[in-house]
Amino acid sequence: MNTEKKPLAYCAPEEAGVPSGAVEAYVRAVAGQKAALHSLLILRRNKLIFEGYWKPLDENFRHRLYSCSKSFVSCAVGVLIERGQLSLDDKAISFFPDKAPAQPHPWLAEMTIRDLLRMSTCYETGASYKPADPDWEATFFTAEISHKPGMVFSYCTTATTMLCMIIKRVSGMEFTQLLRPVFDALGISDELYCIETPCGHEWGGSGVMATAREFMKFANLCMHYGEYEGRQLLPRDYMKEATSKQIDNSVDHNGVDEGMGYGYQFWMLPHGGFSFNGMGGQFALCLPDKDLVIVTTGYEQLNSHGRNEVFRALWRELYPHLSDAPLPADPEAAARLQPLAESLELLRPDGDLTSPTAARVSGKTYIMAENRMGMKWLRFDFEDGRGVMNYENATGVHALPFGLGRQEKCAFPETHYNGKRIGTPLGRGFDCYVSAAWELPEELMIYCHVVDMHLAQLRIAVAFHGNAVTLRTDMHAEFFMQEYAGFASGEC
């Protein structure tokens with residue numbers, strides 16, 4: 001049930017100066033790349049002109065925003081700077097007299113709040129956080145120092161983690177608590193929360209959990225430099241500075257539009273825009289001059305081309321058609337948008353829903369040769385449009401059900417993965433959706449989407465030939481599921 005406070009307003013695209021045909025072309029371009037997306041929202045002049053969710057996910061799903069969280073942290077820093085509790089020139093080390101080395105390296109001693117915000121630390125990549133590390137504050141001071149700070153960009157989640165720790169030490173509050181008055185004014189639910197570090201602090205480098213609509217509300221606030229309904233909720237001068245180019249990053253970028261410059265935990269875009277960027281397809285593309293925000297969520301790390309289409313299609317399909325004035329109504333084009341939104345669904349493999357191989361192999365147990373995944377045996381059971389992959393690995397006997405040509409919701413069969421606090425097991429399996437199809441008569445493809453407080457992709461290719469079976473798996477996740485990557489063969 002939707003309990004959203006202060007719902008976003010809607011209007012036909014033409015009312016906001018956007019042709020419905022251009023919106024349709026953009027959505028089809030993004031959706032057509034077979035990327036594992038979960039939502040797509042387009043807002044112009046404070047009104048939604050498109051909202052779509054990849055079923056069975058919907059507007060109530062609270063989504064991990066990964067590194068988009070960094071931009072939230074920057075805004076909290078701006079609040080403390082406006083209050084006079086922080087300065088951009090404050091030395092980062094000065095806030096940690098209990099953790100910093102007695103005789104710090106001169107470059108470490110030089111590093112400022114501004115350096116942390118701009119990702120211009122003295123570290124090549126920063127600390128290598130591990131779930132087993134009990135104190136991520138202390139880890140900051142054990143990373144290898146490689147160069148003078150404040151000079152060049154090098155993406156470093158460590159920097160944001162330390163900003164979170166500084167916010168707590170200065171204000172006595174975690175960064176989402178500090179921003180709660182802002183969230184309340186926007187109508188963002190009290191249920192917004194953040195994944196925690198092993199030492200119990202909010203992990204603002206990666207952990208904000210918000211619905212797509214809540215993400216849109218906050219991104220829209222930032223695009224208007226902190227102003228909402230005539231109130232200045234965030235300091236305007238800071239937000240203008242934070243969302244403008246503060247350092248060159250063209251030497252170090254992996255995706256389209258990521259080399260345009262970096263602000264204070266915001267990425268620069270063409271045409272005076274900026275963005276929130278997060279792993280897996282968490283994006284908020286903000287164009288202040290056009291009063292346009294596009295938000296996406298998903299978890300796509302195995303198809304970078306599809307993920308990058310979120311950017312490419314904006315400049316190709318949508319941006320050239322934005323009008324400063326309302327456009328004549330186009331009921332026919334507008335009427336196509338709702339069916340388009342309703343047609344979106346989680347990525348499934350292509351292929352046939354049945355194969356004679358299913359009856360031949362169903363119920364047979366394959367003894368697996370030694371393999372990196374530690375899989376000891378494997379059995380598939382097929383019945384009534386679904387299947388189950390049964391197996392034993394180092395953590396025990398498990399079953400992963402899947403739908404043939406449809407998504408089957410289940411709990412991923414591991415209970416020791418991280419919960420809300422990194423390093424502390426959740427004690428249950430993550431929610432996931434699993435589907436499969438026969439790519440060839442003897443080759444089955446399984447897609448598993450983990451959609452919980454942590455997200456993941458797992459793809460399992462299974463080939464049956466005679467009495468033999470071979471698996472190849474590909475996966476992407478942060479801090480978990482690594483035992484599900486590799487190859488395995490067996491015979492019955």
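Guide: Contact here means heavy atoms within 4.5 Å. The structure is a predicted model.

Visitor: Which residues does A369 touch, not counting residues up to four places away in sequence?
Guide: A369 sits in the loop between β13 (365-368) and β14 (377-383). With residues up to four places away in sequence left out, the residues A369 touches are M375, S489 and G490.

Visitor: Is A369 buried, partly exposed or exposed?
Guide: Buried means under 20% relative accessible area and exposed means over 50%. The relative accessible area of A369 is 45%, so A369 counts as partly exposed.

Visitor: What separates the C-alpha atoms of A369 and R336?
Guide: Along the chain, A369 and R336 are 33 residues apart. Their C-alpha atoms are separated by 53 Å.

Visitor: How many bridges join β15 to β16?
Guide: A hairpin links β15 to β16 through two residues. Strands β15 (residues 386-393) and β16 (residues 396-404) run antiparallel, and V388 stands opposite P401 in β16. The number of bridges joining β15 to β16 is eight.

Visitor: In the open sheet of three strands, which strands stand at the edges?
Guide: The order is β4-β6-β5, with antiparallel pairing. β4 (63-64) and β5 (193-194) each have a single partner strand, so one side of each lacks a neighbour in the sheet. The edge strands are β4 and β5.

Visitor: What is the bridge partner of Y193 in β6?
Guide: β5 and β6 (residues 208-210) run antiparallel and are joined by two bridges. The partner of Y193 in β6 is M209.

Methods: Residues numbered from 1 in each chain as written. Predicted model: local features only at pLDDT ≥ 70, side-chain atom pairs only at ≥ 80, totals over all residues. Heavy atoms only, no water. Helix = DSSP H or I, 4+ residues; strand = E, 2+ residues; numbered from the N terminus. Buried < 20%, exposed > 50% of the residue type's maximum accessible area, 1.4 Å probe, protein only. Pairing = 2+ DSSP bridges.
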